[in-house]
Structures are given as structure tokens and as C-alpha cells.
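Reader: Please walk me through this model one piece at a time. I would like to hear how each answer is reached.

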2 protein chains.
Amino acid sequence: MFIAHQHRVNGVLKDLDTVMESKGVDALLALGESTSNNPELLYLVGCSIPRGGIYVKRRGQEPILAVGETDLGSARSSRVRCVKSFGDLGYYTLLAKDAKSAYIELIAKLLAEAGVTGKIAIYGRHKANIILQVTSALQQRGLTVLQEAQPTLLEEVMMTKDESEVEAIRRVGEAACRVVEKIIEYLTACEHKGAKLLYRGEELTVGRVKRLLRTLLAEHNLKPVDEPIFAPAPGSHDPHYIGLDSEPIILGKPIVFDLFPQGREGYYFDLTRTFSIGTSDEEFKRVYEAVLEAQQTTIDNLRSGMLAKEAMIIACKALEKKGYDTPRTNPTLNRGFIHSLGHGVGLTVGERPYLSLYSQDVIIDRQVFTVEPGLYDVKWGGVRLEDVVVMEGGVARSLIDLEKRLVY
Amino acid sequence: MFIAHQHRVNGVLKDLDTVMESKGVDALLALGESTSNNPELLYLVGCSIPRGGIYVKRRGQEPILAVGETDLGSARSSRVRCVKSFGDLGYYTLLAKDAKSAYIELIAKLLAEAGVTGKIAIYGRHKANIILQVTSALQQRGLTVLQEAQPTLLEEVMMTKDESEVEAIRRVGEAACRVVEKIIEYLTACEHKGAKLLYRGEELTVGRVKRLLRTLLAEHNLKPVDEPIFAPAPGSHDPHYIGLDSEPIILGKPIVFDLFPQGREGYYFDLTRTFSIGTSDEEFKRVYEAVLEAQQTTIDNLRSGMLAKEAMIIACKALEKKGYDTPRTNPTLNRGFIHSLGHGVGLTVGERPYLSLYSQDVIIDRQVFTVEPGLYDVKWGGVRLEDVVVMEGGVARSLIDLEKRLVY
């Protein structure tokens, strides 16, 4: 019933001119002091530029990228062919004249050189006062600075991934799977003493596992931008409890293991497994089966053209059928399924489409997003299973193939 | 001659009300979808909040922090005592009514609850369209949104560090020193074959060293937000050349090793050593001595009250005396001292004070910044030495004590 034959794609980077045309946008400006944690600038330039830069694109023209002299090397390996240095644009003369206004003047000069007029949209992360100063300077020069509502033009384009982006995300996913396997290998190789796991005779703690995890991530060229979750029950009843370093690993207690690393090219992956070591109780088995089934049912029923919130409803219904609470029955609940089903993954680890009850997004081909139902209860902790899918030919395909197993 | 008895401090976080008063600012608003790479929000809340939040402070009042329900746990360990959840503020009702405007309405509601009126300054990194929408919504409600020039009120406060901040930066520095020592230990333990270093019989490459470096950083809980520089000559003539993975390590060829990791609490360190393995030629020795002397002379002559550009001039003069080019003699030069002397270090690795010829900053007590002269030439590569100092009692003290040695 959720099938719609609307395999629409918002457009990918190569379609930027068409999308700008359809939205009546004459030019794009993207700013930032860095491309790390600046997904919009990173997307437009296509490579890391340590101290960021100024990207300008007039509709129908090749973009221009201006960077400080020290970043010229990085900028030349970007996807922007026309690179200028701040020096070329007279930045040092502007600095000597008035250091306070030099950066704003530099941007205005670049826009003038590019012949930008009309309606301009601003992207990228910069200090709020810089965004406000730039906006005001552009308005004074007769440009109309757009106040886009969400999703912006660029969000729409970034929401659908071209093949090289899907491949980049998949590669991060593959590496993340190897890390998860290594951690499980390590846990299962530990000795037991009563209910405790021992590593070289010492009680195994979350802190020790996380230290190994950090090393493994580094070896696989993955950056843990925020700390991964390795959360034993019952603390795991809070879906974002990350686990305390001092916490021991106990046989039979479920652990929520959620990692969301960033690869070298800037793309993320997001992956959760829940498991226990040695044994498991009946309640945990029931919860685990319910979450697994909800995830599989949702993935099987994802169709391009459906509303993202319909996917959330499918997951909720599957869990409600088993007697669990969901946000459909009580939006302020503190047990059951207490978060949304998923979110897009790309140069961020939380972007459109949002798969929640409030989402206005539509599922379309070439989106990449998580499907991560979970159940939580202060009494027994949490269970969450999360994979990343890509929408292709109207249906969802998981980007990785990593075992889901209750007990190791 | 640079001594000034003006041990002024801009104020640290506890002085926020006084600074707001002196600048006529009635309220602060800080935003972001994350605290990572959002130094202003991180500074105000004092701990990592994975999905960020909304921080509001009215002058003379305790600040309020609003976060999504899933981040309540993180927010409760922040330095803000009054924490509200988005749900408390009616966010889900706003979402159900109009998802597009809900976030902006949420901010307006929080400001109204805090009783904010008058002049407000906005901080934090968020999408440019969000900043513009929030600004416009606040203006419509009668607030005056400040368009602060640089340095902003918050930049001035963040520029001077309190004791716990200096200590946090020093701890990151200590860990970074251990990493450098380990890398040098590894390099000196390698066998030689002709001019090449061998690791287990294979030619040692930059890629292999960087892999070990990533692992060591992870073990020391240090995040390499941007890739560290491990740049052998002659590529190192570009101060930001990071070294190619395939490049071999050659005996006697200087390597510029610059790492700028972020510690767990968000504070950075920045550290450069240049050295060669086994041997060194005469030219490299001369260049190394010139850079070392310029760095020491500059540190010895740093005084609170002097202009930051005066420190740059001291370093330039020391290098000019030895016959090298500097930005004083030719600002577009491509050899000699081709960058500025240093920059502040804190929750970013490039902030005020800027120690360049164009800087308008003043050196004052409790600033923490790099002192990093360097010399570069396409013919022989680069030499840079970098330490981080804190200004205390009018003079500079290096935060770490790591050997500087030409040949290992």
C-alpha cells in the first residue's frame, strides 16, 4: 500500500544549475573557516580544506573558490577548477586598510568579480556575526539574500546521493563492520569469572573496550567525531547513554553498541548492534526479536514515493503489535520505542530524510538513511538495531551485511 | 622596550555579566546542532552535547539550556544549571503545527520565557539560513540583533583562559608530547639500508608512520580533527603540505612534524618539531639554528601589553638578521618566513590573538597561543618549530617541555 511510482530524485551535485533555475536562485555563496564539520562547504568543494574558504557559484557558470595562500595546495585538489588565493583578490591590502572589515570586503569583491546579481543563498557554517555582517554587506550592494526555510536548495540536493557518494558511505560502513567484528572477537576471547569478563586477569570495563575501539577506528582511518556508544544494561535504557569507563562488562547483560564514525573523505556511517556475552534471559530475547522483526518489516516495506513518516508508522505498528509503547500512542513516553526510526547519512550523521512522525520528507531514490528501531525500559535497559540503506529502483538495499546475533 | 605594565585580562567565563554590561549587551543566544566544532556553544555549556542545543543568557541571570530529550543526560553534566527539554517548551506541539517554523518558534519561546528584551548577540555555528531566520524572527519580536564586528564580545572572553582551561590545554599538550616521543622512538628503531629506513624489511613510508600516529593519538584520547603534518623535504617547503602516504622516509632529509589534536574536553594543542634521522647537511643546520633562535628570542621578549604584531616583528627581525626573507620585506614571497608567527589555542586551533603583521590584537595575561617561526625554500624544504605559551605575570611560559633536536 505504500508503493508509489514516483522514483523522483532531487538532483545531485551535477544538477546544481537545474535546481537553481527551478528555484529562481541566481547564485550560491558558501563559507567557513574549515571544511571539517562544515558539510555544505565540504560538499561543494569536494575535499578537505583545513582553513576553509569562500565558494561562489553563479547559475550557469563554473564555481570559484578563494582560499588563503596556505590552502592553495588543498584547494587545487578540490572539484572547483577556478581557484583564487586571498592574495590574488587583494586581501592583504584590505587587511592593511581595515582588518575588521577585510573579510567581508573580500567576499564582496569575489562576488563582484564573479558578476553575481539578483538572489543569493548563503551556506556553510561560520560564526553567526560573520553571516549577519556578510548578509548586510550584500544587501547594501543590491543583492537579495534568501532566507530559505528548511529544506534549503542545498539540503535537497545533498539529500540524494550520486553513485560515488553511496560508494564512499559504503566504504566507511565496511570499515565500521570490521571494527565491530574485532570488538566482538575480543569480547568472546575474554575469560569469565562468575558473571564477570576478565582481560588478562583484570575485570573488563567499558573504558578498556573503548580504548581498543579508539585504536581500531584509527587503524581503519575512521574518526569518532562524537564518542561511540558502548552501553551495558540497564544504563542503556537511555538511548544516548554512552557507557561509563568504569562500568564492568557482565555476562548476559545486553550491550548497545552504536558507532557513527566519519571516513577520510568526510562521509559517515551509522551502525548499531545489541548483544550479550555468554547467555541471555528470556525477556531480552523477546525484546530483541521484536526489534529485529520491526527493522526487517520496515526495510522490506520501504518504497520510493512514500512519506518518511509512513516508514516510522510501519515500525511503530510492528512494535505495538507485540505490546510495546511507541510515540504514536504516547509522544512523551519514557519506555518502549522512544526515538524516531532514522535519519539521512552523508557528510553529516543526522540529515534529511528524517524518519519521524513529524517529518514532511518524502522517501525517494538515492537517499541514504538509517533504519534503527529500538526498545527501552528502565527495568532491563535497551535494544537497538541499526543499518544504513540506500533507496534504489524504488526499494531499500542495506549498504552492509553484518551479522545480527543476540548472544556471543 | 616592549614591556608595558598593563596586565589586563579580557575577562573569563565567570565575568560574562560584567563584560555584557560594559558592552551594553542584554542577552546572549548560542545555537548549534552539535558542540563538536562549535567552540562557542561548547565554551558556554562546558561539555559535549551530541546534538547541540539552545543556550540563552540574560544579563545578570543564570543561563538556560534547552536540548532534545535524548540529550538531557549530557546537558545535565553541563555547567548550565537550568536545563529544559524541547518537550518542556512545547516543541512537539509546534512540530505538529508547522514543522518548518518549529525550531525558530522554539527559540522565540525560550527567549520569551527567559524575559529577554533589548540587544541580543547570537553565537555558535549553525546553517546560515537558520541564523538568518532566527535573526529575522527576533527582530519581528522587537529585539535588536547585534551585528558585532570582530572580535566579538565572546571572542574577547574566550581569548583569555582561566586556570582550568590552561590546565586542560596543557594536558592535551602533555599527551601530544608522549605521541611525538613514541614516533621518534619508532623512527630511530628502524634499520637503515642505504639512504632508506626499513621497517620489518620494508621501506618505511609516510603512510606507515601516519598509521602508527593515528593509533597513538587514539590511545592517548586525542582526536586529529584535521590530518597531522608529517612532511619530508622538499615537499615541506609548503608549510601546509601534509606528506603523501607513498613517500619514503630518507636519512638526513628534514621532516616537519606538526600535530594539532583535540583532547576529550574539546581543547586543542598545537606542536611542531622538525628533525632528520641519522644525519643532516650544513644548510639544514644553519636554517634550524636560525628558526630555533628566532623562536627563543620571541618567547623571551613577549610581554603583556605589547601588540601581537610586535611579536611577529621580533621574529622577523631575528630571521632577517640571518639573511632570510620575511613578510616584512615582501608579503607575497614564496621563500623564507612565509606565514605568521602564531595564533591563539583553546577550543579551536586558530583563534585570537593572531600574531601577524596585520593583527590588531594586544598580548595580555592569560592568553594561550603558539609561537611558530619557520623557514621554507623549494630548494631544501621547510623547518618549523612550534610551542604553545601562556602569558602569566606579564611574560610567556611554555606549556610543555619537549626536546628540540636536529638529528635523531
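Author: A helix is expected to span 1.5 Å times one less than its number of residues; helices (H or I, at least four residues) and strands (E, at least two) are DSSP runs, numbered from the N terminus. This is a predicted model, in which local features need pLDDT of at least 70 and side-chain atom pairs count only at pLDDT 80 or more, while totals for chains, interfaces and linings use all residues. Residues are numbered from 1 along each chain as its sequence is written, and chains are lettered from A and ligands numbered from 1 in the order in which they are written.

Reader: Thanks! What distance does helix 6 of chain A reach from its first C-alpha to its last?

Author: Helix 6 of chain A covers residues 128-140, which makes 13 residues. At 1.5 Å a residue one expects 18 Å, and the helix comes close to that, reaching 18 Å.

Reader: Which residues of helix 6 of chain A are buried?

Author: A residue is buried if 20 or more other C-beta atoms, placed from the backbone, lie within 10 Å of its own, exposed if 12 or fewer, and partly exposed in between. Their cover includes helix 5 (102-113), strand 5 (119-123), strand 6 (125-127) and strand 7 (144-145) of chain A, along with strand 5 (119-123) and helix 6 (128-140) of chain B. The buried residues are Ala128(A), Asn129(A), Ile130(A), Ile131(A), Leu132(A), Gln133(A), Val134(A), Thr135(A) and Leu138(A).

Reader: Which strand of chain B does strand 6 of chain A pair with?

Author: Strands count as paired if DSSP finds at least two bridges between them. Here there are three bridges in the antiparallel sense, and Arg125(A) stands opposite Lys127(B). The partner is strand 6 (residues 125-127) of chain B.

Reader: How many bridges join strand 1 and strand 2 of chain A?

Author: Strand 1 (residues 27-32) and strand 2 (residues 53-58) of chain A pair in the antiparallel sense. One pair of residues to look for is Leu28(A), which stands opposite Lys57(A). The number of bridges is six.

Reader: In chain B, which residues of strand 3 are buried?

Author: Strand 3 (residues 64-67) of chain B pairs antiparallel with strand 2 (residues 53-58) over three bridges and parallel with strand 4 (residues 82-85) over four. Both of its faces are covered. The buried residues are Ile64(B) and Ala66(B) on one side, and on the other Leu65(B) and Val67(B).

Reader: Is Asn37(A) buried or exposed?

Author: Asn37(A) lies in the loop between strand 1 and helix 2 (39-45) of chain A and has a positive phi of about 60° although it is not a glycine. Most residues other than glycine have a negative phi. With 22 C-beta neighbours inside 10 Å, Asn37(A) counts as buried.

Reader: And Arg200(B), buried or exposed?

Author: Arg200(B) sits in the loop between strand 9 (196-199) and strand 10 (202-203) of chain B, with a positive phi of about 50°. Because Arg200(B) has 8 C-beta neighbours inside 10 Å, it counts as exposed.

Reader: Last one: what is omega for the cis peptide bond from Ala233(A) to Pro234(A)?

Author: Pro234(A) is in the loop between strand 11 (229-232) and strand 12 (255-259) of chain A. The bond from Ala233(A) to Pro234(A) is cis, with omega near 5°.

Technical notes. Contact = placed C-beta atoms within 7 Å.
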